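I opened my notebook today to look at pockets, charged pairs and a surface patch. Here is what I looked up, one entry at a time.

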Amino acid sequence: MSGHSGTGGRRALITGITSQDGAYLAALLLDKGYRVTGTLRPGGTPISAAWRLAEMGLTGRVTSVTVDLTDARAVSWLLDDHAPDEIYHLAAHSSVHSSFHVPAETFASNAVSTTNLLEVIRTRHPEARFYHASTSEMFGDAPEVPQRETTLFRPRSPYAVAKVAAHQMTTLYRLAYGLFCVNGILFNHESPLRGPEFVTAKIVRRLVRWQGGAEDAPITLGRLDARRDWGYAGDYVRGMWSMLQAGAPDDYVLASGCTWSVRDFVGLTAQTLGLRLEWRGKGTAETAIDLDSGRTCVTVDAALFRPAEVGELRGDSGLARERLGWSPTVDLPALVAMMVAAEKARQAAASASIKG
Ligand code: NDP
C-alpha cells in the first residue's frame, strides 16, 4: 500500500461517532495518533450517553460537535473549524426496516448530507480525503452472486436507494473534480456494539436472557431463510482506514465471502450458550423449541418481513485483498462467541447493579 504515510497528529473527522463503526474506528485512529473529532446529530445520542464510546474507554479522548449534516452552511462551518485531513462519513439513517416508514427523512439524512460534505470539500477543502459508508444493500436483488465493485445496483429499500445516491455522488466528485473520495461497499458487520434493533444483536440479547431464565416470551423474527455475509466491525474499520491511505482513490467491497441464514445465526448462538433448539414447521408457522424446557423459543412474524426482499448478498472482496492487503480475521462462529460473551457480561453487570 502506498499513499501518505505517518499518521501522527493527523486530524480525522468521523460523522456519526456514536455508531458501532464510529467507536471501533475512533479507537483505531486514536491508536495511530490521530486527533479525532466526531459529529453528533441534533436530538440524537448526546456524548454523555454514547455507550459505545464508554464501553471502549474512549469518552473524553474524542472531541464532539453537534451538527445537522443536512444543513449546507453548518457543514461548511464544521469543516472550516476542524480542517480534517480525513473524513469518515458514517452518520446515516442505518436501519433498512425503519427506512420504509420514513423514506424522505432517510433520503435527506443519507444522500443530502453526503452531497453537502462533498460540496464543501470541493469548494473549500480539496486536500481532505473522504470515505463514504456505502452498503451491500445497494445490490438489492442483483442476479450476480457474489457481488463486486462492478455489480449493478438494484436497491430494494429507501435506505438502499438513498445510499446509492450518496455512493454515485461520491464517485462523481472523484471523477469530475479529481478529489480523493472513496466508497467502502461494506457487507453486514456486527460486534458486541451492534445496535439492539438489528437482528443479530436482538438474537444474542434475547437468547442470553432466555438461557439465564430472564426471558420466557418467544423471540419473534422475520425471514429465517434470509442469507447474509456477516463480518466483524473491527476488521471492517481497518479496511476503511486503508482505503484512505491508498495511493489513489477507488471503491472497494469489504466482505467475508461466506453467507449464513438467520436460522443459522440463531443456531450458532444457541450452540454457544449450550441451548438445545429444534426447528419445527415451515414458513410463517416455523418455530424453534427449547428441548430442555419444551417451550417455544423462536417464532416467525410476517410483520417483520421487508416489503421488498433482497437476494443473496455475498461479497467478493478480491480487489481490497489484492490492492489494500485487507482480509477479515474473525469468522461468524468466533463473532457470535464474542457477542455472546459481551452480552453475558453486560447482563451480569446489570443484574449485579440492581441487586447491589
Ligand atoms: P449505527 O446504526 O450503529 O449508527 C448510526 C449512526 O448514525 C449513529 O451515530 C446515529 O446517531 C447516526 N444517525 C442515525 N440516524 C441518523 C440520521 N437520521 N441523520 C444523521 N445521523 C443519524 O451504524 P453502523 O455503525 O452500523 O454503520 C455505520 C455506517 O455504515 C452507516 O452509514 C451504515 O448505514 C453503514 N453501513 C453499516 C453496515 C453494518 O453492517 N453495520 C453495512 C454497510 C454500511 P444516534 O446515536 O444519534 O442515533
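Entry 1, the pocket. I began with the term itself: a pocket is an open set of grid points with protein on both sides within 12 Å along at least five of seven lines. The model I have here is predicted. I looked up its second largest pocket and found about 190 Å³ of space. The lining includes Trp-51, Ser-191, Met-339 and Arg-346. Helix H7 (199–211) and helix H11 (332–355) are the elements that give two or more residues to this lining, and H11 gives the most, with four. I sorted the lining residues into seven nonpolar, one polar and four charged.

Side chains of opposite charge can pair when their charged atoms come close. I found 23 salt bridges in the structure. In one of them, Arg-323 meets Asp-250 at 3.0 Å, N to O. These partners sit 73 residues apart, Arg-323 in helix H10 (residues 318–324) and Asp-250 in the loop between helix H8 (233–245) and strand E11 (252–254). Arg-174, Asp-250, Asp-251 and Arg-323 are linked in a network of salt bridges.

Are Glu-215 and Arg-206 buried or exposed? I checked, and both are buried. Glu-215 and Arg-206 form a salt bridge, with their closest N and O atoms 2.9 Å apart.

I noted a nonpolar surface patch of about 210 Å², made by Phe-107, Val-112 and Val-161. Val-161 belongs to helix H6 (residues 158–177). Val-161 counts as partly exposed because its relative accessible area is 40%, between the cut-offs of 20% and 50%.

Terms used. Residues numbered from 1 in each chain as written. Predicted model: local features only at pLDDT ≥ 70, side-chain atom pairs only at ≥ 80, totals over all residues. Heavy atoms only, no water. Patch = residues over 30% accessible without salt bridge, like charges linked within 9 Å, V, L, I, M, F, W, Y side chains within 5 Å. Areas by Shrake-Rupley, 256 points an atom, 1.4 Å probe, with all protein chains shown as cover. Salt bridge = Lys/Arg side-chain N within 4 Å of Asp/Glu carboxyl O. Buried < 20%, exposed > 50% of the residue type's maximum accessible area, 1.4 Å probe, protein only. 1 Å grid on protein atoms, 1.4 Å probe; cavity = no way out; pocket = protein on both sides within 12 Å on 5 of 7 lines; lining within 4 Å. Points joined across faces, edges and corners; volume = space filled by probe spheres on them. Nonpolar A, V, L, I, M, F, W, Y, C, P; charged D, E, K, R; others polar.
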